[in-house]
Amino acid sequence: PEATGDLKTLIIPFNLSDKTAWKSSEIEVLNELFFDNTPNISGNTILSYPSFKEYYETASFNQLSMSGLVTSAYNSGVRSSAVNNDSSYNTLFTLLKNAVSWAQKQYPNEDWDKYDTNNDGYVDNVHLISNYSVSNSEWGIPLWPHMAQTGFNPVQGELTINTYTVSAKNTSQSDAYTTIHEQGHVFGLDDYYNYSEENSSADYVGYADMQSGNIFDWNSFSKLEIGWVKPYVVNGELDTTTITIDAAATSGDCILIPADHSTWN
């Protein structure tokens with residue numbers, strides 16, 4: 001989806017049949033974590049974690065606004081083992097497709113056209129949260145928080161799901177940071193830590209980035225990639241120069257030094 005304007009976002013908590021079902025009070029918490037608009041900073045005092053909506057409005061310098069729907073819990077009728085033991089992810093994909101179809105029937109008064117701004121038949125932005133509690137030893141299983149694509153073709157007369165994120169209940173009850181991180185992948189950003197070596201602790205930004213340690217702001221390169229900032233570009237035409245910049249997090253100011261300015265586009 002576009003990373004500017006008003007992005008309609010669909011949040012679907014879903015129940016696996018062998019795990020404790022979502023409570024209504026827990027879904028109310030999800031509403032606050034995703035779409036609360038109460039100021040979370042007073043002066044220099046941090047009052048609370050920012051919501052999903054607040055984080056992206058701040059990070060984008062108010063170029064992106066998140067709004068949308070947190071549904072009631074979808075009962076999948078599927079056991080967690082059936083999902084996790086299917087390395088093809090097809091069981092998960094089918095569950096997610098059924099959940100999106102259920103949501104449209106459950107909320108007929110929602111303006112679903114606004115969830116598909118390019119009219120390609122897919123929900124632009126959808127996050128699903130299971131009632132599963134994931135542990136660090138389960139990295140890479142289908143119910144591990146991740147972003148992927150289902151590969152499903154559009155369905156005539158209703159929206160279907162292609163790009164999605166899934167996260168777990170125990171990563172979604174105190175803050176929305178896991179989904180904020182996965183949203184970065186939806187916008188096309190990579191993780192900033194090492195996948196190439198088993199048990200590697202290498203991290204390219206010292207964990208100090210939402211696409212790394214799930215904390216703090218995006219770095220300026222990320223914001224450049226999706227169009228939120230316009231850097232000062234050093235083009236090599238001057239012998240000396242002075243560039244004055246303000247804090248990147250609040251101003252968007254940054255400096256880009258191309259490896260070869262003659263080929264910079």
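Helices (H or I, at least four residues) and strands (E, at least two) are DSSP runs, numbered from the N terminus. With that settled, I opened my notebook.

**Ground rules**

I am working with a predicted model, where local features need pLDDT of at least 70 and side-chain atom pairs count only at pLDDT 80 or more, while totals for chains, interfaces and linings use all residues. Residues are numbered from 1 along each chain as its sequence is written, and side-chain values use heavy atoms, with hydrogens and water left out.

**Entry 1: two tyrosines with positive phi**

I looked up Tyr 89 and found it in the loop between helix 3 and helix 4. Its phi is near 70 degrees, a positive value in a residue other than glycine.

Tyr 207 belongs to the loop between helix 5 and helix 6. Tyr 207 has 41% relative accessibility, so I wrote it down as partly exposed.

**Entry 2: helix 4**

Next I followed helix 4, which covers residues 90–106. What should the 17 residues of helix 4 span? The expected span of a helix is 1.5 Å times one less than its number of residues. For helix 4 this gives 24 Å, and its end C-alpha atoms are 24 Å apart, which agrees.

I then checked which residues of helix 4 are buried, and my list includes Leu 92, Phe 93, Leu 95, Leu 96 and Ala 99. I reminded myself that an α-helix has 3.6 residues a turn, so residues three or four places apart point the same way. What do the buried residues of helix 4 pack against? I found several partners, among them strand 1 (5–15), helix 3 (80–84), strand 6 (126–130) and strand 8 (163–168).

I also saw that the charged end of Lys 97 sits over the ring of Phe 152, 4.6 Å from its centre. For this I used the rule that NZ of Lys or CZ of Arg is within 6 Å of the ring centre and within 35 degrees of the ring normal. Lys 169 lies over the face of Trp 22, at 5.1 Å from the ring centre.

Strand 1 came next. Eight of its 11 residues are buried, so strand 1 is largely enclosed by the rest of the structure.

Which strands does it pair with? Two strands pair if DSSP finds at least two bridges between them. I found seven bridges joining strand 1 to strand 4 (residues 64–70), and the two run parallel. Within that pairing, Leu 7 has Met 66 of strand 4 as its bridge partner. Strand 1 and strand 6 are parallel too, over five bridges, and here Ile 12 is partnered by Leu 128. Strand 5 is joined to strand 1 by two bridges, also parallel, with Phe 14 opposite Tyr 74.

**Entry 3: aromatic pairs**

How many aromatic pairs does a search of the whole structure find? The count is 14. Rings of Phe, Tyr and Trp (its six-membered ring) pair if their centres lie within 6.5 Å; planes under 30 degrees apart count as stacked, over 60 as edge-to-face and the rest as tilted.

I looked at Tyr 56 and Trp 218, an edge-to-face pair at 5.7 Å centre to centre with 80 degrees between the planes. Tyr 56 lies in helix 2 (residues 52–59) and Trp 218 in the loop between helix 5 (177–186) and helix 6, so the pair ties together parts that are 162 residues apart in sequence. Both Tyr 56 and Trp 218 are buried.

The rings of Phe 93 and Tyr 164 have centres 6.0 Å apart and planes at 70 degrees, so I logged this pair as edge-to-face. Phe 93 in helix 4 and Tyr 164 in strand 8 are 71 residues apart, so the pair links distant parts of the chain. Tyr 164 is buried, with a relative accessible area of 0%.

**Entry 4: Lys 223**

Last, I found Lys 223 in helix 6 (residues 220–225). Lys 223 has a relative accessible area of 2%, so I marked it as buried. Contact means heavy atoms within 4.5 Å. Leaving aside neighbours within four places in sequence, the contacts of Lys 223 include Ala 59, Phe 61, Trp 218 and Trp 228.

Methods: Buried means under 20% relative accessible area, exposed over 50%, partly exposed in between (1.4 Å probe, protein chains only).
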